[in-house]
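Reader: I have this structure open for the first time. Can you take me through it in short steps?

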Amino acid sequence: MQPGSPNRVVSINWKLLFSRLRKRVGLLFNSARHKASQTEYTPPSWLSSFRLTWFRLGLMGLLLYVFTQKQIDFNISVGKEGLRTGQAIVARTTSLGASDNATESHQMGLLSVSGENTVASRGQDWHVDQLNPLDVQAYINRFERVALTEADKYGIPVAGKLAMGIYESKAGKSPVSIENNNHFGHATPNGYYPNAWTNWRAHSEFLNSEFPELTNTAFDLDRWLVNLDRSSYSSTPDYADRLRAIIEKFGLK
């Protein structure tokens, strides 16, 4: 084919091209490294006054990382003697606290016979406005689907079951519900539960076996409340009315 022909084919030796590029990059890298080795870095005067070292910079970075986290957990090892001392103090404090609370409740005549989960039945002084609306809404969001499951399996109205949990656990803020996952204290007295769901299921099984009139009525909330009022589930005289107040105030369905 003649030179200058429009159909001329250009052939490129890629191997030779990459070889030359690699040599060129290597020369540039060696030149930069040589220049860097011959140059002495002099920090500004304001920086030298801090006397920063790599160790201190690393430590500052670690501290900054730790304190910007949302949650910080500290594990403290106190040894056997310290552990035994702490356990003794906790046990003694718990015993004294329980004794003082029982004495005070007995003197005031406010101790509940039914023993609802940390809810002292103080006659007529309870009011639905004592519940924190934010806590109640968070409780509903957390357990509404669980209540639906229990309604399908045992026929317990969703609104009734949620109201029971809200009232008896103070919307999940009572000590027993926090520490033991027990939201229905007097009905599920087995102490600690691995999670709240197992406690909810244990409560449903309890109602199904001991108070069958409170099951299989999932679609008739009014009749369920009447049956609850007539039952011996709680020694609080207006227990059903309290649940009704919770249902109405927070729009439970």
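Reader: How many helices and how many strands does the protein chain have?
Author: This is a predicted model. From the N terminus on, the elements run α-α-α-α-α-α-α-α-α-α. The count for the protein chain is ten helices and zero strands.

Reader: What is the average pLDDT of the protein chain?
Author: pLDDT is the predictor's confidence in each residue, from 0 to 100. In this chain, 64% of the residues score at least 70. The average is a pLDDT of 75.

Reader: What share of the residues in the protein chain is buried?
Author: Buried means under 20% relative accessible area. The accessible surface of the chain comes to about 18,200 Å², and 57% of it belongs to carbon and sulfur atoms. Of the 253 residues, the buried share is 30%.

Reader: Among contacts with a separation of 6 or more, what share comes from residues 24 or more positions apart?
Author: Contact here means heavy atoms within 4.5 Å. Take the contacts in the protein chain with a separation of 6 or more. Residues 24 or more positions apart account for 60%.

Reader: Are α6 and α10 roughly parallel or roughly perpendicular to each other?
Author: Helix α6 covers residues 158-169, and helix α10 covers residues 239-249. Their axes come within 9 Å and cross at roughly 105°. Angles of 65 to 115 degrees count as roughly perpendicular. So α6 and α10 are roughly perpendicular.

Reader: How do the residues of the contact of α6 with α10 divide?
Author: On the α6 side, the contact includes Ala159, Ala163 and Met164. On the α10 side, Tyr239, Arg242 and Leu243 are among them. The residues divide into nine nonpolar, one polar and two charged.

Reader: Are α9 and α10 roughly parallel or roughly antiparallel to each other?
Author: Helix α9 spans residues 221-230. α9 and α10 pack with their axes 8 Å apart, at an angle of about 150°. Angles over 145 count as roughly antiparallel. So α9 and α10 are roughly antiparallel.

Reader: How do the residues of the contact of α9 with α10 divide?
Author: Helix α9 brings residues including Trp224, Leu225 and Asp229. Helix α10 brings Tyr239, Ala240 and Arg244, among others. The residues divide into eight nonpolar, no polar and two charged.

Reader: Is tyrosine 239 buried or exposed?
Author: Tyrosine 239 lies in helix α10. Methionine 164 is 75 residues from tyrosine 239 in sequence and 9.4 Å away in space, C-alpha to C-alpha. The relative accessible area of tyrosine 239 is 2%, so tyrosine 239 is buried.

Reader: What is phi of lysine 170?
Author: Lysine 170 is found in the loop between α6 and α7. Lysine 170 is partly exposed, with a relative accessible area of 43%. Most residues other than glycine have a negative phi. Lysine 170 is not a glycine, yet its phi is positive, near 55°.

Reader: Is asparagine 216 buried or exposed?
Author: Asparagine 216 sits in the loop between α8 and α9. Its phi is positive, about 60°, although asparagine 216 is not a glycine. Exposed means over 50% relative accessible area. At 62% relative accessibility, asparagine 216 is exposed.

Notes. Residues are numbered from 1 along each chain as its sequence is written. This is a predicted model: local features need pLDDT of at least 70, side-chain atom pairs count only at pLDDT 80 or more; totals for chains, interfaces and linings use all residues. Side-chain values use heavy atoms; hydrogens and water are left out. Helices (H or I, at least four residues) and strands (E, at least two) are DSSP runs, numbered from the N terminus. Buried means under 20% relative accessible area, exposed over 50%, partly exposed in between (1.4 Å probe, protein chains only). Accessible areas come from the Shrake-Rupley method with a 1.4 Å probe; for residues, only the protein chains shown count as cover. Axes are lines fitted to C-alpha atoms, for helices over the stretch in contact, and angles run from 0 to 180 degrees between N-to-C directions. Angles under 35 degrees count as roughly parallel, over 145 as roughly antiparallel, 65 to 115 as roughly perpendicular and the rest as oblique. Ala, Val, Leu, Ile, Met, Phe, Trp, Tyr, Cys and Pro count as nonpolar, Asp, Glu, Lys and Arg as charged, and the others, Gly among them, as polar.
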